[in-house]
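Work through the exercises below with the sequence and the model open. Each task is followed by a solution in steps.

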Amino acid sequence: MNKRTASKITNYRINLIGTNKTMQMTQEATLTTEHALNDRCDYSLITAQTNLVERMEKLEIEADGVVMEVPFRKTKYSAPKPVVFCVSPQFAAEQWQTFLVQLHISKRYGAHLQLYIVSMVESYYKMIKEYEKLGLVSIEPWLTIKFPVTDGPYLEPNRNVELRNQAAAHTDCLLMYKEAVSFVGILDMDDILIPTNANSYYEEFEREYGGSWEISALHYDKFDYRTIKTGDLNTQTISSMVKNARRLKTKDAGKSFLRPERFNSTWSHYSRNSDHKPIFLTPGQNPIYWYKKLVTTNGIFHLKKMDYIDSKKIPGGALPVNPGDNITELISEKHLKEIDEDLKETLLHPDISNLASTLPQSDFYMDIVFSCYNESFYHIRDTKWLYNDITCVNAFDCELPQREDMPCVHSDATYHSGPSMFPITFHYATDSFFSRDIGCYQ
């Protein structure tokens, strides 16, 4: 929602109307946001929350007497694993090696991947679709914001929302799996978490939470690494990428892993709504106050830079140490061998191995995006000049040239504009799909 169309957007009054076969209920929604109201980004993730009817068949929004129906979908009540990792929306994506590392390490330690895709090199997309057929990943189109009908001048939304609306994608994933899994992780594709002294993510997260009601989420620091990759699909090994990783001096903002029943929304790194929030476990007693727990014994293995090398000249390398304690090995040789065997077996599937010659074998979009992001905000952040009330963290103006020899798929949908409402008109999309006619844009 454009938060500048009301003096305080979280005070804007919206009624939600739920209808089932036998009754209709109207409730005023509570509005919350994961963004500070003084942030420079004009469009902000707003979550509307209320309780309506069971087995709801129709949902409507009412504001100032104008009513419109909005499509909705039901949450999942089962999932392939007790842990799901919600991966940030991918755009101009070509780093298929990173996906293989993330997928097979996550699989080994018991997490299911939920991917959001804006745009992706077609051959890479085809590979992920084959993994989806095997039940190893779920994908969703993540849409560029479009207004089919407007009442007058308006800000172009995609330039005035933080980072392709990442927070909304992570919140969508959280709500989708809220009833189905024990833990939800908020990650980028190149954020690799390997449990320490545990055989699974579930085991590590349960150990770190320790049954506490006061911990809102587990927060892991993110440590930057540089490593190698090859363009040969059929000779890929996770071992070569892990054992040739070298720790960089830089760190990035950490990521969180949370119990979904304690959240209804989240930001890209953690929820800004959770810390110091009073929780009443029993009526009339003093509340407890939530806090994020920083996990100091482990950290995220961030594949910040991967350099292409000749697949026939891969160095032996050695296991790096865990970035959290700087003592234990990042991963056991036994687990790494199991992961490599699983990768090798999966790549033998004919529909995957047949894609080998079509996958990118050099970086094109990655270098352009990295340079643009650095100019747009990373450099400003690292020099301590990034102020949220001045800069909207956004790189929508990154110029991405198109290549005929590298076709892309891009998310698209049927877009709708609701009836005019003051001061906010609601726009929505239905029937999302992937198109070959748009190209590799944000």
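Two strands pair if DSSP finds at least two bridges between them. Helices (H or I, at least four residues) and strands (E, at least two) are DSSP runs, numbered from the N terminus. The model is predicted: local features need pLDDT of at least 70, side-chain atom pairs count only at pLDDT 80 or more, and totals for chains, interfaces and linings use all residues. Residues are numbered from 1 along each chain as its sequence is written, and side-chain values use heavy atoms, with hydrogens and water left out.

**Exercise 1.** Find the bridge partner of T19 in β2.

Solution. Start with the two strands: β1 covers residues 15-19 and β2 covers residues 24-28. They run antiparallel and are joined by 5 bridges. Next, look up T19, whose bridge partner is Q24. Finally, β1 and β2 form a hairpin, with 4 residues between them.

**Exercise 2.** Which residues of helix α4 are buried, and on which side do they lie?

Solution. Buried means under 20% relative accessible area, exposed over 50%, and partly exposed in between (1.4 Å probe, protein chains only). In α4 (residues 201-209), the buried residues are Y201, E204, F205, E208 and Y209. They cover an arc of only 125° around the axis, which puts them on the same side of α4; the arc is that of the directions from the helix axis to the C-beta atoms. After α4 comes G210, with a positive phi near 55°.

**Exercise 3.** Describe the aromatic pair of Y201 and F205.

Solution. Rings of Phe, Tyr and Trp (its six-membered ring) pair if their centres lie within 6.5 Å; planes under 30 degrees apart count as stacked, over 60 as edge-to-face and the rest as tilted. The count by this rule is 19 aromatic pairs. Y201 and F205 are stacked, at 6.0 Å centre to centre with 20° between the planes. Because they are 4 residues apart in α4, about one helical turn separates Y201 and F205. Ring pairs link both into a cluster whose members include Y209, Y220 and F257.

**Exercise 4.** Is T266 buried or exposed, and what does T266 contact?

Solution. T266 is in the loop between β14 (246-258) and β15 (278-279). Its relative accessible area is 0%, so T266 is buried. Contact means heavy atoms within 4.5 Å. Leaving aside neighbours within four places in sequence, the contacts of T266 include E34, L45, H170 and S271.
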